[in-house]
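Me: Can you walk me through this one? I'd like to go over some strands first, then a side chain.

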Amino acid sequence: MASAISTKIDLGQVSYLLVTGASKGIGQRMAIETARKIKPGSIVVLLARSASGLESTKADILDVNPRITVVTSSVDLANASKHLLEDIIEKSLAKTPVSNFKLAAVIHNVGTIGNVERKAIDMNDRQEWEDYFATNVFTVGVLNSCFLYKFRECAKKLVVNVTSKACLVPFNSMGFYCAGKAAREMYFKVLAAEESDLVVLNYSPGPVDTDMTVDIQGRSNDESIRNYFKGLRDESTILTTQQTTAKFLSILESGQFKSGDHVDYYD
């Protein structure tokens, strides 16, 4: 088991920051607000499928921190190979030595909800299972490994997994999502236990006003789930991406967690 290390993160350093699912929603806001804090000479790499969404995020980042480099890569993480992911990281560096960076951070935000029109008993399509886990678990693990090997000499390494209460509690109609989040978080917990020089945070952002929660509200086969998200919106108690990102950054900067911990917005 890993020994306890300081999990306090100083973002005011020359940093390499990679964010997946960075074209909209939580990933977009996390990329902008984290990039706002890092020093000139830093490189931010944004991955998602939507090229236009990535360019929008890039413009917003350069508005708040014009003296850093922002690289975008439109990529479908469902089928991205190890070679492609290594190539994206290598090209983003543009021959900048890894030793230039005091902090190397990756935020694994990419995530899909899966088919919420099926009950667990009806999840009998093997290809649907494989497609879901390819995006939400398999490529996340491969990218994480590529990232950590490239930055293994960096003094401080931060790995963030954007997780969910759904990895701990079953939600009707969300069998794919719950299963994927549970598998993904356990991988990051093992990583934290094995690698004593890493800071690993499993951050659960709470119910946030995003396209994903709109999709669940509209398509879930479970009336109570649909009504839950409708109620949050009707009562204006659903969180904004700004609110959950501010909490996320305060958790990192205070270091009030152990590497590998699951920390929820409401904790």
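Reply: What follows covers strand pairing and then one serine. This is a predicted model, where local features need pLDDT of at least 70, side-chain atom pairs count only at pLDDT 80 or more, and totals for chains, interfaces and linings use all residues. Residues are numbered from 1 along each chain as its sequence is written, and side-chain values use heavy atoms, without hydrogens and water.

Me: Strand 5, how many of its residues are buried?

Reply: Six of the seven in residues 156–162. Buried means under 20% relative accessible area, with a 1.4 Å probe and protein chains only; strands are DSSP runs of E, at least two residues, and helices are runs of H or I, at least four, numbered from the N terminus.

Me: How many bridges join it to strand 4?

Reply: Six, and strand 4 (residues 103–108) runs parallel to strand 5; pairing takes at least two DSSP bridges. Ile107 sits opposite Val160 of strand 5.

Me: Switching to Ser92. Buried or exposed?

Reply: Buried, at 5% relative accessible area. Ser92 belongs to helix 3 (residues 82–93).

Me: What does Ser92 contact beyond four places in sequence?

Reply: Tyr16, Ile43, Val45 and Val71, where contact means heavy atoms within 4.5 Å.

Conventions: Buried means under 20% relative accessible area, exposed over 50%, partly exposed in between (1.4 Å probe, protein chains only).
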